[in-house]
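Please keep the sequence and the structure in view while reading.

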Amino acid sequence: MSQMELHSDVPGGPLSEKWEKHRNEMKLVSPNNKRRFDIIVVGTGLAGAAAAASLGELGYNVKAFCYQDSPRRAHSIAAQGGINAAKNYPNDGDSVHRLFYDTIKGGDFRAREANVYRLAEVSGSIIDQCVAQGVPFAREYGGLLANRTFGGAQVSRTFYCRGQTGQQLLLGAYSSLMRQVSAGKVKMYPRREMLDLVTVDGMARGIVCRNLKTGEFETHAAHAVLVCTGGYGNAFYLSTNAKGCNVTAAWRCHKRGAFFANPCFTQIHPTCIPVKGDYQSKLTLMSESLRNDGRVWVPKDPNDSRAPQDIPEEDRDYYLERRYPAFGNMVPRDVASRAAKERCDEGYGIGETGMAVYLDFRRAIQEQGEDAIRSKYGNLFHMYQKITDENPYKTPMRIYPAVHYTMGGLWVDYNLESTIPGLFVLGEANFSDHGANRLGASALMQGLADGYFIAPYTVGHHLAGRTIKPVTTAHPRFEETKNEAKDRVDKLLRINGTRTVQSFHRELGQIMWDYCGMARNAQGLNQAIDKIRLIREQFWKQIRIPGSGESFNQQLEMAGRVADFLEFAEVFAQDALTREESCGGHFREEHQTSEGEAERDDENFTHVAAWEHVPNGEAKRHVEPLEFENVELTTRSYK
């Protein structure tokens, strides 16, 4: 495999001065010239809505695309627990540097220092922006914004809106976006799915999309394209992601030349409602914020069949508090997930399947009162009761890890620009800020940082600093790319086999969970690659899609997405096989300490792995070395 180095274009100078220095040196587009530039934004979650609103406010002509009927449906609403910012309102010792360090450490030292520091640096401005928009953050009795703790931190830096923070932040970004729609600077294209990227002279110049209501293929030209389409967790079929979440936009960009970085870095969230049966099509996340007051435990006796409220304290194993006394129940997600799996694998799991642990609020309710707990988490408790028909105020919740977030994504440099000039990637769709594990409450932070405070500078730098020839959709590359996208759809419709889209997706998901889930090993990953190739071959022979491509057809939409998952999954498994170490959410069973903790190989793998698509050949692996000048590479410990 190739080992070409990737250059991140991080500016020189002290870490704390890099972003300011870079902003001062970037080229600018004058206000009168901004109206000459067209920008495409694909995806209207937090990153996309924030970017579209900000760029429209600056005066650019923005086209924003989403496959939902409204930007309000974006999956950012599901980020329930909070958003991190280093404002130090509780006066408990927080700082920009401490947020930076916690994020680097939480990602197991596999993220780029400069990007993470910039994220921490702009975090405070995000809160100011959202307060100005009217986002209803929780407040203390005196009116000051409230904070709570999240995993991987020993300070309270998480701002929240009960258990619906993502929804409220998205409504704030949506209101800003719709203001620009009303002003005529942003044009919304709902019910469109991006099916390909158009490149002209090696530069991203537009997209091909399908109108999901009419089936019509459309082409759109621009001077820059921003992909803000979220993560690829649904490759596992069962995940906490909305059913529509997919890898298609990012994957089609990858096949046009954008490198895909660290695809194996996938986060398993420890606080999800366990799988109930084969009929399920998705899983439900219970916010990490619950672990502030909830205590995780299993019975000390694996054969204890008593109801949880009847098991006394001395017969309970609060295993996170026992194993990680410094952080207790607030250890990072990867640590908590593996600990739950270990207890269940050893026979201590609870419930009908034995694949669950308890999350108990008894002590918190005794100390604070039920009303106090209801004020913090009421909607989450209500949701849990609606799904399980159990009252969490009276009996402990049952939880188990599930696929949640993806730290991997398209490779970007310090400017959030991919290996294709003019293609910028924001939020969860890029790889840049979280390393091998994302700390809770940092997804919302990254999406809004990228959209509000970084892309508006770096996109302008691209527009002002390069010679960008005028291009319209009349250019032959648009018609060529559109025809290629139509041919893929027509090919799917012509197969007329006997199997449903869901059957292939479920089969792929089971392989991904069994071999590429919370624990991985070389034998299993090699098996996964062989099985994925076989399923992909069967898919293109046996798939059956009812209806036509000339109208609203959700089976056709899903088939295209599953076809991309089947290609992407092989690169995912290859990436996991090649990374011969354990770090964060990537746990190789061959590389663990005597206590079962992740064991990194800093000598050989302190780098980003970025995969290049090779038509009709094996993907090529490139590396970007990671240099740590401001933090010391240490064994991550929460004990």
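Is N616 buried or exposed? In this predicted model, N616 is exposed, with a relative accessible area of 87%. N616 lies in the loop between strand 18 (607–612) and strand 19 (620–625), and N616 has a positive phi of about 60 degrees although it is not a glycine. Most residues other than glycine have a negative phi.

D108 also has a positive phi, near 55 degrees, and is a residue other than glycine. D108 is found in the loop that lies between helix 4 (96–106) and helix 5 (113–133), and D108 is buried, with a relative accessible area of 2%. The table sets out the values for the two residues.

| Residue | Phi | Relative accessible area |
|---|---|---|
| D108 | near 55 degrees | 2% |
| N616 | about 60 degrees | 87% |

The helix pair is formed by helix 3 (residues 46–58) and helix 12 (residues 443–465), whose axes come within 8 Å and cross at roughly 20 degrees. Because angles under 35 degrees count as roughly parallel, helix 3 is roughly parallel to helix 12, and the crossing of the two helices is right-handed. On the side of helix 3, the contact is made by L46, A47, A50, A51, S54, L55 and L58, while helix 12 contributes L444, G447, L448, G451, Y452 and P456. The residues of this contact between helix 3 and helix 12 divide into 10 nonpolar, three polar and no charged.

Technical notes:
Residues are numbered from 1 along each chain as its sequence is written. This is a predicted model: local features need pLDDT of at least 70, side-chain atom pairs count only at pLDDT 80 or more; totals for chains, interfaces and linings use all residues. Side-chain values use heavy atoms; hydrogens and water are left out. Axes are lines fitted to C-alpha atoms, for helices over the stretch in contact, and angles run from 0 to 180 degrees between N-to-C directions. Helices (H or I, at least four residues) and strands (E, at least two) are DSSP runs, numbered from the N terminus. Angles under 35 degrees count as roughly parallel, over 145 as roughly antiparallel, 65 to 115 as roughly perpendicular and the rest as oblique. A crossing is left-handed if the near helix is turned anticlockwise from the far one by less than a right angle, and right-handed if clockwise. Contact means heavy atoms within 4.5 Å. Ala, Val, Leu, Ile, Met, Phe, Trp, Tyr, Cys and Pro count as nonpolar, Asp, Glu, Lys and Arg as charged, and the others, Gly among them, as polar. Buried means under 20% relative accessible area, exposed over 50%, partly exposed in between (1.4 Å probe, protein chains only).
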